[in-house]
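Student: I would like to learn how to read the contact between two chains. Can we go through one case?

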Amino acid sequence: MANVERPLSPHLQIYKPQITMVTSITHRITGVALAGGTLLLTWWLIAAAAGPDAYATVNGFMESWFGRLVLFGFTWALFFHLCNGIRHLFWDAGKGFELPAMRKSGMAAIIMSVVLTLLTWVVAYSMGGVS
Amino acid sequence: MSMRTPLKNVRHLGSAKEGTTHWWHQKVTAVALIPLFVIALAYVISLVGADYDRVRYILSLPFTSLILLLLIGATFYHMKLGLQVVVEDYVHTESTKVVLLMLNSFFCAIVGLAAALAVLKLAFGG
């Protein structure tokens with residue numbers, strides 16, 4: 001039995017990345033990352049409720065370069081999970097399963113997530129006057 | 001004529017006895033989170049660069065509290081369901097899996113409630 005030449009489940013390292021698998025695993029990774037990001041939102045809300053000093057601390061972190069990097073990543077993860085999540089909702093409705101449609105919607109989700117992230121930060125910077 | 005055996009009918013809803021409940025709740029919260037996220041994002045952008053008093057005032061408005069409480073409820077439930085599937089997919093040692101599933105429930109409940117309490121405190125002062 002050991003010598004039977006069955007097709008093997010492909011090893012990920014030698015498997016050519018496809019848009020469907022990349023968006024699938026990225027959806028999961030961004031989901032887990034966003035779970036960590038909820039700590040940031042909760043920290044901000046608790047600090048705002050606690051008082052000016054606590055709020056200054058959380059604001060100081062958010063405005064540091066590291067804080068901004070985290071927030072930028074958080075923003076992108078949110079938009080990707082949102083865009084790709086909408087794909088999932090269409091699949092749940094039984095639509096968009098043909099491979100060309102899947103690739104197209106996958107590309108659209110990736111591009112839209114980047115565009116919306118950049119747009120959000122441009123708007124935030126221009127409105128808030130953050131320097 | 002149904003091809004199902006009587007036993008199969010008795011055992012409906014599958015081995016977890018939940019049927020599609022998990023999946024359906026994931027979808028309901030997903031749909032709810034789309035508009036909630038958009039509104040919350042508008043709040044965040046409008047509060048960039050605002051001082052503490054302004055932030056405090058905006059967060060004390062009833063509409064803000066409503067949106068935030070809905071957002072928190074949908075987010076942490078959606079998150080609990082999602083992380084649960086990740087654990088179930090990747091952790092195959094029964095004891096570790098059970099512990100991680102419990103920790104997931106605890107984590108989502110604690111952080112979610114903490115966030116909700118902060119919103120309530122902001123709403124009712126104190």
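**Reading an interface**

Tutor: Across the interface of chain A and chain B, seven residue pairs are in polar contact, both residues being at pLDDT 80 or more. A polar contact is a pair of N or O atoms within 3.5 Å; within protein, one must be able to donate a hydrogen and the other to accept it, and residues adjacent in sequence count only if both atoms are side-chain atoms. This is a predicted model, in which local features need pLDDT of at least 70 and side-chain atom pairs count only at pLDDT 80 or more, while totals for chains, interfaces and linings use all residues. Residues are numbered from 1 along each chain as its sequence is written, chains are lettered from A and ligands numbered from 1 in the order in which they are written, and side-chain values use heavy atoms, with hydrogens and water left out.

Student: What is the mean pLDDT of chain A?

Tutor: pLDDT is the predictor's confidence in each residue, from 0 to 100. For chain A the mean is 92, and 95% of the residues reach 70 or more.

Student: How is the size of an interface given?

Tutor: Often as the accessible area lost when the parts come together. Here buried area uses a 1.4 Å probe and is summed over both parts. Between chain A and chain B about 2700 Å² is buried, and carbon and sulfur atoms give 79% of that. A:Arg28, A:Leu45 and A:Ala49 supply 22% of the area that chain A buries against chain B, more than any other three residues.

Student: How many salt bridges cross the interface of chain A and chain B?

Tutor: A salt bridge is a side-chain nitrogen of Lys or Arg within 4 Å of a carboxyl oxygen of Asp or Glu. The rule finds two across this interface. One joins B:Asp89 to A:Arg28, with the closest N and O atoms 2.8 Å apart. In the other, the side chains of A:Asp92 and B:Lys27 meet at 2.8 Å, N to O.

Student: Is B:Lys27 buried or exposed?

Tutor: Buried means under 20% relative accessible area, exposed over 50%, and partly exposed in between (1.4 Å probe, protein chains only). B:Lys27 counts as buried, because its relative accessibility is 14%. A:Asp92 has a relative accessible area of 33%, so A:Asp92 is partly exposed. In the other pair, B:Asp89 is partly exposed at 36%, and A:Arg28 is partly exposed at 23%.

Key: Buried area is the accessible area (1.4 Å probe) that two parts lose on being put together, summed over both.
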